[in-house]
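Hello,

Here is the structure I promised to send over. Have a look at it first, and then read on for what turned up in it.

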Amino acid sequence: MDLDMALQDDIRNEITEGRLQPQWTTADLLANTHLASTYEVSTLRTDPPNRSVSYPELGLGNGFHVRNGATSIFVRVGRRGRALLYALG
């Protein structure tokens, strides 16, 4: 199973079901009961940052895997405090 697609699909389902906001932080993923019981903490903390791009005008950078040629899955859309806000790409 492609873990990245599964995470993306599970996040989409959680948003559709109203259990996750359309814009979220990695802390929100960790607080989500389904996601926290399905994925490793390290996956929820690192996959969105590593597989995301930023809107150019925000200047929030791009993730490690994306810089190395991987397709982005998530978009950095802003900040909530010090945390980056993500959305599905």
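Let me start with the rule for aromatic pairs: rings of Phe, Tyr and Trp (its six-membered ring) count as a pair if their centres lie within 6.5 Å, and planes over 60 degrees apart make the pair edge-to-face. Applied here, that rule gives two aromatic pairs. One of them is Trp24 with Phe74, an edge-to-face pair with 5.6 Å between the centres and 85 degrees between the planes. These two residues sit 50 residues apart, so to speak at distant parts of the chain: Trp24 is in the loop between helix H1 (3-16) and helix H2 (26-31), while Phe74 belongs to strand E2 (residues 74-80). Both Trp24 and Phe74 are buried. Together with Tyr86, they make up one aromatic cluster.

Please keep in mind that this is a predicted model. The average pLDDT of the protein is 90, and 94% of the residues score at least 70. Confidence is highest in H2, with a mean of 98, and lowest in helix H5 (residues 64-67), with a mean of 81.

Next, the nonpolar core. The largest one has 14 residues, and the members that touch the most others are Leu7, Ile11, Trp24, Leu29, Leu35 and Phe74. At least two residues of this core come from H1, and at least two from strand E3 (83-88). H1 gives the largest share, three residues.

Ile11 lies in helix H1. Is Ile11 buried or exposed? Its relative accessible area is 0%, and because buried means under 20%, Ile11 counts as buried. Setting aside neighbours within four places in sequence, Ile11 is in contact with Leu20, Trp24, Leu29, Leu35, Phe74 and Leu88. Leu7, not counting residues up to four places away in sequence, touches Leu35, Tyr39, Thr43, Leu44, Asp47 and Phe74.

Finally, the strands. E2 and E3 pair in the antiparallel sense, over six bridges.

Happy browsing, and best wishes

How values were computed:
Residues numbered from 1 in each chain as written. Predicted model: local features only at pLDDT ≥ 70, side-chain atom pairs only at ≥ 80, totals over all residues. Heavy atoms only, no water. Phe/Tyr/Trp six-rings, centres within 6.5 Å; stacked < 30°, edge-to-face > 60°. Helix = DSSP H or I, 4+ residues; strand = E, 2+ residues; numbered from the N terminus. Buried < 20%, exposed > 50% of the residue type's maximum accessible area, 1.4 Å probe, protein only. Core = buried A, V, L, I, M, F, W, Y, C linked by side-chain atoms within 4.5 Å. Contact = heavy atoms within 4.5 Å. Pairing = 2+ DSSP bridges. pLDDT = per-residue confidence, 0-100.
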